Amino acid sequence: MTTLRDQIQHVIDTEPVAIFMKGTPEMPACGNSLRALQALWQAGAPITAVDILPDPRIRQELSALTDWPTVPQIFVGGELIGGADITEELHASGELSRKLDEALGSEREQSVGVLALDLAAA
Amino acid sequence: MAVDLLRTLLLEAFPEGSVEVVDRTGTGDHFHVAVASDAFVGLSLVEQHRLVNRALAGPLSDGTIHELRITTKGSA
């Protein structure tokens, strides 16, 4: 049995680029989640998305863990880089690509994946 | 008005800053706040947004704010 919080922490720690968002990359359910995704995509990130909508506890546990009240939340190399506004801002300034290069190397492959948390175990 | 509440809270947190609050949708729950303050100097964007989020913790947690966009600038 792994608690929800442990699972979330594990995603943050092990996924190169993680976004906790409303909906999925295929069907984003919120404009901010879409904005963040687009910035990550344009910067060539290997994106792992976690939909927070299936269970309200995901959002609660995530915000408790990060002390960040809103979603989406974007992590690069285990570090919270911010929400949609910061991600867009970092992309516009070129800083996002630099961050990705630093954390993952410039040879990184662009990708989009979806990861579901195990709600039954939590 | 929620706009006034947000402006008041932000001015309390950043007394010498300049604060702008826009109701983006006219529905009183989707906001864009722009804060310029010396308090941001030397802080990362994440730290700057944390300060703004902290100032708005009340309306963020009680559902007054459904969506929040933040722009910060490091000088008033």
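Guide: Take helix α4 of chain A, which is roughly perpendicular to α5(A) (65 to 115 degrees; under 35 is roughly parallel, over 145 roughly antiparallel, the rest oblique). The model is predicted: local features need pLDDT of at least 70, side-chain atom pairs count only at pLDDT 80 or more, and totals for chains, interfaces and linings use all residues. Residues are numbered from 1 along each chain as its sequence is written, while chains are lettered from A and ligands numbered from 1 in the order in which they are written.

The axes of α4(A) and α5(A) (residues 95-104) come within 5 Å and cross at roughly 90 degrees (axes are lines fitted to C-alpha atoms, for helices over the stretch in contact; angles run from 0 to 180 degrees between N-to-C directions). Helices here are DSSP runs of H or I with at least four residues, strands are runs of E with at least two, and both are numbered from the N terminus. On the α4(A) side, Thr87(A), Leu90(A), His91(A) and Ser93(A) take part, and they meet Glu95(A), Leu96(A) and Lys99(A) of α5(A) (contact means C-beta atoms, placed from the backbone, within 7 Å). Sorted by class, these are 2 nonpolar, 3 polar and 2 charged residues (Ala, Val, Leu, Ile, Met, Phe, Trp, Tyr, Cys and Pro are nonpolar; Asp, Glu, Lys and Arg charged; the others, Gly among them, polar).

The other helix to consider is α2(A), residues 31-42. The axes of α2(A) and α4(A) lie 8 Å apart, at an angle of about 25 degrees, which makes the two helices roughly parallel. The crossing of α2(A) past α4(A) is left-handed (the near helix is turned anticlockwise from the far one by less than a right angle; right-handed if clockwise). From α2(A) the contact uses Asn32(A), Arg35(A), Ala36(A), Ala39(A), Leu40(A) and Gln42(A), and from α4(A) it uses Ala84(A), Thr87(A), Glu88(A) and His91(A). That set holds 4 nonpolar, 4 polar and 2 charged residues.

Chain A gives 10 residues to the contact with chain B, and chain B gives 11. On the side of chain A that touches chain B, β4 and α4 each supply at least two residues. This side is made up of 5 nonpolar, 3 polar and 2 charged residues.

Strand β4(A) includes Gly82(A). Gly82(A) is buried, with 25 other C-beta atoms within 10 Å (buried means 20 or more such atoms, exposed 12 or fewer, partly exposed in between, with C-beta atoms placed from the backbone).

In chain B, helix α2 (residues 45-55) has Leu45(B), Gln48(B), His49(B), Val52(B) and Ala55(B) buried. Viewed down the axis of α2(B), these residues fall within an arc of 115 degrees, so they line one face of the helix (the arc is that of the directions from the helix axis to the C-beta atoms). They pack against β4 (79-82) and α4 (84-93) of chain A, and also against α1 (2-13), β2 (30-36) and β3 (67-73) of chain B.

Elsewhere in chain A, helix α3 can be read in the same way. Its buried residues are Ile58(A), Glu61(A) and Leu62(A), and they line one face because they fall within an arc of 100 degrees. They pack against α1 (4-14), β1 (17-21) and β3 of chain A. Pro56(A) and Ala64(A) are exposed on the face turned away from the buried side. The axes of α1(A) and α3(A) come within 9 Å, crossing at roughly 65 degrees, and the crossing is right-handed. Here Leu4(A), Arg5(A), Ile8(A) and Gln9(A) meet Arg57(A), Ile58(A), Glu61(A), Leu62(A) and Leu65(A), a set of 5 nonpolar, 1 polar and 3 charged residues.

Asp67(A), in the loop between α3 and β3 of chain A, has a positive phi near 55 degrees, and the residue is exposed, with 10 other C-beta atoms within 10 Å. Pro72(A) is found in the loop between α3 (56-66) and β3 (73-76), and the peptide bond that joins Val71(A) to Pro72(A) is cis, with omega near 5 degrees. Most residues other than glycine have a negative phi, and most peptide bonds are trans.

Note on methods:
Two residues are in contact if their C-beta atoms, placed from the backbone, lie within 7 Å.
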